[in-house]
Amino acid sequence: MSDLHPVGRFPEEWTAALAALGEPKYRATQIFRWIHRRGELEAAKMTDLPLALRERLAQDGLTSPFEVVEVHRAKDGTRKLVLGMPSGGRIECVLIPMTPLSGDADLAAASDDDDEPGLVAPSERTRVTLCVSTQFGCAMGCVFCASGRAGLGRGLGADEIVSQVIIARRYLEPNEDLTNLVFMGMGEPLHHYDETARALRLLTHPEGTGMSPRRITVSTVGLVPGLKKLGADFAGKVGLAVSLHAPDDVTRDRIVPMNKRYPLNELIAALKSYPLPRRRRITIEYTLIDGVNDTDAHADRLVRVLSGLPVKVNLIPMNPVEGSGFQASPPERVDAFQARVAGYGYSCFVRARRGDEVSAACGQLALAPGLIELGRSRAPL
Ligand code: SF4
């Protein structure tokens with residue numbers, strides 16, 4: 001009936017698939033709500049559907065694209081879920097509770113929206129951000145990143161991106177609310193734009209998860225054509241984070257190879273044209289690497305490059321990645337860099353290290369060797 005995985009279908013696509021079974025149109029919305037609003041991926045549990053339809057859905061492939069292989073809990077409450085694909089590949093997503101000490105720009109991104117009614121969790125509850133992967137590995141090759149060093153397996157389908165949200169919701173504590181999503185896990189979300197955009201539309205669909213696009217941040221290394229499409233397709237409502245990591249082409253070419261394709265002047269021009277709503281800011285991510293991009297001169301250049309852009313700067317002391325040959329900047333250098341950028345009037349945060357002991361911190365999501373898979377199976381329904 002359709003070659004789309006059931007989790008990746010919109011209600012209207014369910015309508016088309018169900019018409020062939022002689023089912024009425026409203027069943028499409030029922031099924032969509034079961035999957036996306038209630039997170040149910042077992043057809044047998046969709047109790048308001050006729051038994052014959054439940055059996056048909058199960059038979060035709062309504063299953064989760066992943067099974068949870070491992071759950072790693074860090075002392076700070078961060079949970080890394082390792083998700084296995086039927087063909088043996090593994091990806092990861094990470095639940096990050098926002099504590100008062102988190103102090104990073106993702107929290108700051110949320111606080112930009114605190115005027116938005118109904119979106120702020122009551123104080124006794126804990127807001128949680130989920131970091132999802134969009135690719136199995138990554139082709140961008142950033143030198144300080146475990147995913148980049150492993151290379152690209154394949155892009156994930158929209159169903160696989162959305163399934164991470166459905167599955168991760170099951171691992172929330174009773175006092176936690178999933179309030180924010182960041183597309184910052186394995187992969188470059190704009191490298192396979194269509195699936196990322198489809199996932200964004202599914203996640204913000206009012207009959208499903210219904211997340212506000214303002215609560216979703218897509219992080220890119222700076223793929224200019226994808227950036228332009230994202231801005232146009234979502235009217236700038238989806239939050240944007242840019243992995244800049246260097247203030248000049250010489251330094252950036254060295255640590256972010258994609259800069260050779262889309263150099264800084266092109267990237268900054270694209271950011272200036274991004275249709276950002278009033279009072280929203282772009283998050284600039286800047287991994288501090290000892291002796292590479294962390295001097296006062298780099299800080300000054302960064303400020304000059306960002307001049308005129310509504311941004312906040314998120315400094316990330318490089319997380320240890322085995323075999324990279326790069327080291328994190330020492331804490332006093334991180335502090336000095338932050339003070340220098342903040343001294344020019346910019347919001348500048350140092351991202352708290354979260355989930356270090358489970359390798360769930362930024363740049364540490366990695367493929368286990370030998371787990372690259374290139375194909376995927378599609379459900380027949
Ligand atoms: S930092 Fe992001 S874009 Fe760069 S290699 Fe890692 S996952 Fe890919």
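Which residues on the other side of H12 are exposed? They are Pro331, Glu332, Ala339 and Gly343. The model is predicted.

**Helix H12**
- Helix H12 has 13 residues, 331-343.
- At 1.5 Å a residue, H12 should span 18 Å, and its end C-alpha atoms are 18 Å apart, which agrees.
- Val334, Phe337 and Val341 are the buried residues of H12.
- An α-helix has 3.6 residues a turn, so residues three or four places apart point the same way.
- The partners against which the buried residues of H12 pack are strand S10 (282-288), helix H11 (296-306), strand S11 (311-317) and strand S12 (347-350).

**Around the ligand**
- Cys138, Met140, Gly141, Cys142 and Cys145 are among the residues around the ligand.
- Gly148, Gly187 and Val221 also belong to this group.
- By type, the shell around the ligand has 5 nonpolar residues, 3 polar residues and no charged ones.

**Met98**
- Met98 sits in the loop between strand S3 (90-97) and helix H4 (105-112).
- Met98 has a relative accessible area of 12%; buried means under 20%, so Met98 is buried.
- Met98 and Thr179 are 81 residues apart along the chain, and their C-alpha atoms are separated by 9.8 Å.

How values were computed. Residues numbered from 1 in each chain as written. Predicted model: local features only at pLDDT ≥ 70, side-chain atom pairs only at ≥ 80, totals over all residues. Heavy atoms only, no water. Near = heavy atom within 4 Å. Nonpolar A, V, L, I, M, F, W, Y, C, P; charged D, E, K, R; others polar. Helix = DSSP H or I, 4+ residues; strand = E, 2+ residues; numbered from the N terminus. Expected span 1.5 Å × (residues − 1). Buried < 20%, exposed > 50% of the residue type's maximum accessible area, 1.4 Å probe, protein only. Contact = heavy atoms within 4.5 Å.
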